[in-house]
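This briefing sets out selected features of the structure shown below. The points are grouped by topic.

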Protein chains: 2
Amino acid sequence: MGEPIPPPRACVAVLGGGQLGRMLGLAGIPMGLRFRFLDPVAGAPAGAVGDLVVGGLGDRAALDRVAEGAHVVTYEWEGVPADGARYLADRLPLFPSARSLAVSQDRVAEKRLCGDLGIATAPFAAVDDRAALHSALGTIGTPAILKTRSGGYDGKGQFRLDAPGDADAAWDALGPLGHLVLEARVAFTRELSVLACRGRDGEVAVYPVAANIHEGGILRVSRVPTVGRSSQAAAAAIARRLLEALDHVGVLCVELFETGDGSLVVNELAPRVHNSGHWTIEGAVTSQFENHLRAILGLPLGAPTLVMPNAMVNCIGALPDREAILGIAGAHLHDYDKSPRAERKVGHVTVLADDEATLDERLDRVEHVIRARPSHAAS
Amino acid sequence: MGEPIPPPRACVAVLGGGQLGRMLGLAGIPMGLRFRFLDPVAGAPAGAVGDLVVGGLGDRAALDRVAEGAHVVTYEWEGVPADGARYLADRLPLFPSARSLAVSQDRVAEKRLCGDLGIATAPFAAVDDRAALHSALGTIGTPAILKTRSGGYDGKGQFRLDAPGDADAAWDALGPLGHLVLEARVAFTRELSVLACRGRDGEVAVYPVAANIHEGGILRVSRVPTVGRSSQAAAAAIARRLLEALDHVGVLCVELFETGDGSLVVNELAPRVHNSGHWTIEGAVTSQFENHLRAILGLPLGAPTLVMPNAMVNCIGALPDREAILGIAGAHLHDYDKSPRAERKVGHVTVLADDEATLDERLDRVEHVIRARPSHAAS
């Protein structure tokens, strides 16, 4: 709080210029905002909706350039170097704060925060050498997952251990990458996520919980609505406690495991707009992107209410046949203007329907088109 | 229809770079499209979402520049000089066609087309001199309205005649402006509009009819839903007949009068996305802007279905207090990034609600804020 409220036609600096930045811009231009993005890649997707400064996210000269004329700074990626974010935070309001960024950059800090707040996570232990891994395995047992404490995404930087004998192979694979954490593997029935947004004045808006399906560690499908009233309330309570403990301003995504008895276990946090909330563009009264901007600008939040059952499907590697997708009632295609590449998220499809049965049927059709050979992989 | 289908990441040239162009761009960027706008004003609102070529809409050098690299041409204003549009149509697909443009540029041609199709309009007569005005008044009677045949908007270029004795004053006011038309004044109970979109393959999507409130000739409020099933069907039938007769591709707005017995009389046509359809951004499954683009690109149309009762209120002259608007549940502010000026449309607010009573209450609050003194008229 205490930070100045930007003027109505503020300029927002965004660290990262990928599809999340692009969608922030698309939500913010109607609000009269201007955008400056910093991204290492010339031609990054957000360049269509603002000025793109090409440079490293930790490069002070580049940070100076993206901050020129900006009134507030945010980020679309929690991998932003913490010292780069702090460097800007000395001159401009940074939301979410450097603390939200630091906690979500470290799986151990995330889990310790949850523990302090009485929020369930997988049992875990920090692992800094081979001996510590063996010792942690003695406590946590198998199956377990060894992960880098920071920097992993889309399933990268992880090694699954099914028996204690996997320890040396796991250490050989990940040991060179820096600080690690061993986590017990949670026996979950579903993967969920809850997005929540907190304003500068502490107002909180919580979106309906989404059910997520991953493949090869990469999110493929998010669907809403998916949980009953009590699970929604439990997820919202977790999100609120985290938002308040972090004094977080903006969107926070909490990835959750749902276990056999219906209880929720936090997997990880993302202090930003998130892929599992792309459905909010068409499917909620106020999108996660608009609410993130409202929050960081000190404005009242919009309703996170669901407008219609819907699902989002990522386009991974290449875009699907555009005509076939748009021929499905209730479907919208989001093309991030990226070139095709294996495992790369190049777009997404959102499909809406009045009822669940119709949504099932339309989602099947979307999946069928997406899994078919794309018609313009090289476009 | 024979015109080539543009590639997936097509470039769309738009004649006019105002708020309608801006909203076309915001709908098209997620589809992977790029935009080039031609507008006489540097800093026109659409510049935020594409390349802005500054020049006259009838200037051939400027038309050449906006067409560079474009795959298809459209327009956001029916005042585009017809020969400029035809000049581009010789080299690139132009949608809606030069014929749609020509008909909607001439109130007499519009009414003759309606007459040919058995669609009701006000009785009218073309008026090219003072004697013709007196003669037309003898047939049509008063109250009547003398209008310029082309070029009028927001109530400009009109003169109301309450008695035959007003003829000379009317002629003195409008005679110098060119070809005129005298129209009987329709005793309407409400002003409505229906937006419909037609694809290149003849597919038609018709939006729910909106009720419009004008003040001083300028649209202030549009609200949906507003008519029962039979009026919706009647409006849709009118729109379909016009779309087919014109072989129109893209959005067509048909402004209607509803009379005491519930019948519909066509007032005028706009061969483009229209202010009375801005509610579709949040309030329909597919916005008028996305559907216009789908149509001109030869893609399947999206569902025009209503998602929630809603109303759109124009911000005329200056923007309202942003924080107060965003503090109203279900409200979204659209800032066109224009400087304040009397009678200028500088933005709009859309407000949604689950039911009509809640919408009434929220709309009252929006109106209250908009009618209050703006907080940043000079921003």
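A residue is called buried when its relative accessible area is under 20%, exposed when it is over 50%, and partly exposed in between (1.4 Å probe, protein chains only). By that criterion A:Phe35 is buried, with a relative accessible area of 4%, and A:Phe37 is buried at 0%. This is a predicted model, in which local features need pLDDT of at least 70, side-chain atom pairs count only at pLDDT 80 or more, and totals for chains, interfaces and linings use all residues. Residues are numbered from 1 along each chain as its sequence is written, chains are lettered from A and ligands numbered from 1 in the order in which they are written, and side-chain values use heavy atoms, with hydrogens and water left out.

**Relation of the two chains**

- Chain A can be laid on chain B with an RMSD of 0.0 Å by a turn of 180° and a shift of 0.0 Å along the axis, the superposition being by least squares on the C-alpha atoms of residues with pLDDT of at least 70 in both copies.
- The two copies are thus related as by a two-fold rotation axis.
- The same surface serves both copies, as 100% of the contact residues of chain A recur in chain B; contact means heavy atoms within 4.5 Å.

**Interface between chain A and chain B**

- In the interface, 40 residues of chain A are in contact with 40 residues of chain B.
- Together the two chains bury about 3600 Å², 54% of it on carbon and sulfur atoms; buried area is the accessible area (1.4 Å probe) that two parts lose on being put together, summed over both.
- A:Arg9, A:Arg322 and A:Leu326 supply 20% of the area that chain A buries against chain B, more than any other three residues.
- There are 6 salt bridges between chain A and chain B, each defined as a side-chain nitrogen of Lys or Arg within 4 Å of a carboxyl oxygen of Asp or Glu.
- A salt bridge joins the side chains of B:Arg9 and A:Asp337 (3.6 Å, N to O).

**Aromatic pairs**

- Over all chains, the structure holds 6 aromatic pairs.
- The rings of A:Phe35 and A:Phe37 form a stacked pair, because their centres are 5.8 Å apart and their planes are at 10°.
- Rings of Phe, Tyr and Trp (its six-membered ring) pair if their centres lie within 6.5 Å; planes under 30 degrees apart count as stacked, over 60 as edge-to-face and the rest as tilted.
- The rings of B:Phe188 and B:Phe257 are also stacked, since their centres lie 4.7 Å apart and their planes are at 10°.
- This second pair links distant parts of chain B, with B:Phe188 in strand β9 (residues 188-198) and B:Phe257 in strand β13 (residues 250-259), 69 residues apart.
- B:Phe188 is partly exposed, with a relative accessible area of 30%, whereas B:Phe257 is buried at 11%.
- Helices (H or I, at least four residues) and strands (E, at least two) are DSSP runs, numbered from the N terminus.

**Nonpolar core**

- The largest nonpolar core has 118 residues, of which A:Leu293, A:Ile325, B:Leu293 and B:Ile325 touch the most other members.
- Such a core is a set of buried Ala, Val, Leu, Ile, Met, Phe, Trp, Tyr and Cys residues joined through side-chain atoms within 4.5 Å.
- Not counting residues up to four places away in sequence, A:Ile325 touches A:Pro320, A:Ala331, A:Leu333, A:Val349, A:Val366, A:Val369 and A:Ile370.

- B:Asn291 lies in helix α10 (residues 288-296) and counts as buried at 0% relative accessibility.
- The residues that B:Asn291 touches, not counting those up to four places away in sequence, include B:Cys197, B:Tyr207 and B:Leu301.
- B:Ser276 is placed in the loop between β14 (264-270) and α9 (280-283) and is buried, with a relative accessible area of 0%.
- The C-alpha atoms of B:Ser276 and B:Asn212 are separated by 7.1 Å, although the two residues are 64 residues apart along the chain.

**Backbone features**

- The peptide bond from A:Phe95 to A:Pro96 is cis, with omega near -10°; A:Pro96 is in the loop between α3 (82-89) and α4 (98-104) of chain A.
- In chain B, the peptide bond from B:Phe95 to B:Pro96 is cis, with omega near -10°.
- A:Asp247, a residue other than glycine, has a positive phi near 50°; A:Asp247 lies in the loop between α8 (229-246) and β13 (250-259) of chain A and is partly exposed at 39% relative accessibility.
- A:Glu343 is not a glycine, yet has a positive phi of about 70°; A:Glu343 is found in the loop between β16 (331-335) and β17 (345-352) of chain A.
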